[in-house]
Amino acid sequence: AGTAPVVATIVVTPHFENGSVQCDGLTRIFTITVNPTAEVELPYNQVVCNGAPTLPVVFTTINTGGTTTYTWTNDLPSIGLAGSGTGDIPVFNVVNTGNSPLIATIIVVPHFDFGGLICDGPSKTFTITVDPTPQVVPSTLTQTICNNGITNIVIGSPSTFHSGVVTFDYTVTATGGVTGFTTPMTGLPKDYVIADALVNPTDEVQTVTYTIVPVTSTGCASGPAIVVVTVLPTAQVNQPPDQVLCNGDISAPVLLSTLTTGIVTFTWTNDQPAIGLAPSGSGDIPSFTAVNTS
């Protein structure tokens, strides 16, 4: 029941007896060696991120006086480790291309060798858990809103982990002095909605870029998701000059213009169609004959 071989030395003496006389002969000596049960210390379980290296697995034993070797099996070779092997397990880079943890169960069996006899011992079982690369999947990668419009970006992820949950950090950059956002933001839960009321103070189209990074309790990381929000300016129209006309005069055309960059169109209404101008229209207002018969 110990940790080293026990060697029993047995001395045998022969006795020859005839009549009342007993004659002893030469002794013979032999041994009975009892090897201990092979033993292996239980390795630590490991949790590793996809693509990262493991720690080496160095098998040890409390047995002495002989040689202990080890064989092992792995029930999940897809993590990057062979299905079986002998001796220590060297460092290797783990693989998990899915969205949930992979748990490889490794069984190691010790073999104690002394005196030409190999004695096997009870197996020990440990695991290598491979967490996936965390994913961030926004509900959209582009969005276009008007000035003072509200973003609607849902931060989603299919990823799960052996412990804890994925959270998200993001930073924001903007052009043209757009305001209405907070940066940085950290520790956001899955399905968090980015609902920022963005203000474009210019007469040009501006963009706001959200860089979203997933974070896990085990430190697994991945590249960010980039969401670009286009913030349109508030359309402007330059003030047309007032006109005063006599009955029957021809009006000057009203040429509508803007300081806003981009395509701007115009619609208009007229509360006095009796002057000879339609009650509504689009685009510039052409010349017309003014009417006042009242």
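How exposed is Lys 190 in relative accessible area? In this predicted model, Lys 190 has a relative accessible area of 40% and is partly exposed. Asp 191 is likewise partly exposed, at 45% relative accessibility. The side chains of Lys 190 and Asp 191 form a salt bridge, with an N to O distance of 3.3 Å. The structure holds 1 salt bridge. Side chains of opposite charge can pair when their charged atoms come close.

Nonpolar residues were examined next. The largest nonpolar core comprises 20 residues. Those with the most contacts inside this core are Ile 155, Tyr 170, Leu 198, Val 208, Tyr 210, Ile 212 and Val 229. At least two core residues come from each of strand 13 (153-156), strand 14 (167-174), strand 17 (206-215) and strand 18 (225-231). Strand 18 contributes the most, with 4 residues. Another core, of 17 residues, lies apart from the largest one. Among its members are Tyr 70, Ile 79, Phe 92 and Val 94. In soluble globular proteins, nonpolar side chains tend to be buried together.

Strand 11 and strand 13 run antiparallel and are joined by 2 bridges. Pro 138 has Ile 155 of strand 13 as its bridge partner. Ile 155 is also one of the residues with the most contacts inside the largest nonpolar core.

How values were computed. Residues numbered from 1 in each chain as written. Predicted model: local features only at pLDDT ≥ 70, side-chain atom pairs only at ≥ 80, totals over all residues. Heavy atoms only, no water. Core = buried A, V, L, I, M, F, W, Y, C linked by side-chain atoms within 4.5 Å. Buried < 20%, exposed > 50% of the residue type's maximum accessible area, 1.4 Å probe, protein only. Salt bridge = Lys/Arg side-chain N within 4 Å of Asp/Glu carboxyl O. Pairing = 2+ DSSP bridges.
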